[in-house]
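Hello,

Here is the structure we spoke of. Please open it beside this note; the findings follow below.

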Amino acid sequence: MEFEHLPHPAPTPADTREQALKDPGFGKLFTDHMVVIDYDEEKGGWHKATLGPREAISLDPAAAVLHYAQEIFEGMKAYKQGDDTLALFRPEQNARRFNESARRMAMPDLPERLFLESIRQLVAADRDWVPGDPDGSLYLRPFMFASEAFLGVRPAKQYKYILIASPVGPYFKGGAKPVKIWVSRNYTRAAPGGTGAAKTGGNYAASLVPQAEGIENSCDQVVFLDAVEKKWVEELGGMNLFFVFDDGTVITPPLTGTILPGITRNSLIELLREEGLQVREEPYSIDQWRADAVTGKLLETMACGTAAVVTPVGTVLGPDGEFTIGSGGTGQMTNKIRERLVGIQKGSVEDTHGWVTKL
Ligand code: PLP
Ligand code: COI
């Protein structure tokens, strides 16, 4: 499909942009352009793609997404590599997961090449917005929602795919400093058979109250336990978890349908194995987590995701009080793996896996 390029009447002046890029924060600053692709069952599916100015969209008040939350999204980043070229990290995995989420939410597939082409188009238009500093990148947010005006409960027949971009620094204010995690007792995130493995807005809406509870208790993030036994550690509101032990083994919770299959998670499994560690995807309980931290068998816990990269978990506030992982600082393996991953993304470490797509 050809992308129609709409003129931009008033792009941001270069000096305003440069000033804003000095301290972008996370998700507050946006680039000049966006991609919109329309879907209509009666017009043969995906039929109109534009690259134009980022602007407000108009939506019928009966649009299905506003009532029944048919919505999915992705999160990925464009990185400036040492030589000033731009690169994406495993974008085809985001394209694939986008369609897995779409299927779970009874939405149409977006052809992977159209997803990838939209990313190329937007990054090319907004390439001056990619921060160059070591912690910076251009966060890309592709999303799709049901736009059909209809109040019956059934899958919509019209959708919009939109791609926007936001220059970002670290997700956490403290950068890669250890975070404190709140174990949610009253709330769970996803039940078996539910939508936990899909990247859909409702999962994040459901995480807001437990996340606020965590903040009230001086924690940075919430960790969810499984919905059936309230025993097994699943994931954070926006990150997967890894537990590193003193015998060279590592555990990460298995993909049983209630957690998001993270692309960083998948990459870390490979990188940790290359470090000679034995990575097992198996359930790990909150009681064991505390016991292993107390005896010192557990050396490190790391949280990972596109936004948070690799972040050490320093302290956990659980039902039986607080416990500290290792010395509460950043563990050796967490540091090493973070540096390797960021090095691959930023082009300073050789990409032996074919994970990097240059733009
Ligand atoms: N888990 C949740 C709930 C997330 O929102 C994310 C972020 O996208 C992740 C895990 C990590 O996934 P990825 O590494 O693909 O960014
Ligand atoms: C991401 O890492 O891309 C996410 O979507 C997580 C969110 C907490 C920003």
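A word on residue classes before the ligand sites: Ala, Val, Leu, Ile, Met, Phe, Trp, Tyr, Cys and Pro count as nonpolar, Asp, Glu, Lys and Arg as charged, and the others, Gly among them, as polar. Note too that this is a predicted model.

Ligand 1. Its shell holds 3 nonpolar, 7 polar and 2 charged residues. The residues around ligand 1 are Gly75, Glu235, Gly238, Met239, Asn240, Leu260, Gly262, Ile263, Thr264, Arg265, Gly305 and Thr306. Helix H6, residues 263-274, gives the largest share of this shell, with 3 residues.

Ligand 2. Around it lie Gly75, Gly238, Gly305, Thr306 and Ala307. By class, that shell has 1 nonpolar residue, 4 polar and no charged.

Helix packing. Helix H3 (residues 91-104) packs with helix H4 (residues 112-125) at an angle of about 125°, and the two axes are 9 Å apart. H3 is therefore oblique to H4. The crossing of H3 past H4 is right-handed. On the H3 side, the contact is made by Pro91, Glu92, Ala95, Arg96 and Phe98. H4 brings Glu112, Phe115, Leu116 and Ile119. Which classes make up this contact of H3 with H4? It has 6 nonpolar residues, no polar and 3 charged.

Best wishes

Methods: Residues are numbered from 1 along each chain as its sequence is written. Chains are lettered from A and ligands numbered from 1 in the order in which they are written. This is a predicted model: local features need pLDDT of at least 70, side-chain atom pairs count only at pLDDT 80 or more; totals for chains, interfaces and linings use all residues. A residue is near a molecule or strand if its C-beta atom, placed from the backbone, lies within 6 Å of it. Helices (H or I, at least four residues) and strands (E, at least two) are DSSP runs, numbered from the N terminus. Axes are lines fitted to C-alpha atoms, for helices over the stretch in contact, and angles run from 0 to 180 degrees between N-to-C directions. Angles under 35 degrees count as roughly parallel, over 145 as roughly antiparallel, 65 to 115 as roughly perpendicular and the rest as oblique. A crossing is left-handed if the near helix is turned anticlockwise from the far one by less than a right angle, and right-handed if clockwise. Two residues are in contact if their C-beta atoms, placed from the backbone, lie within 7 Å.
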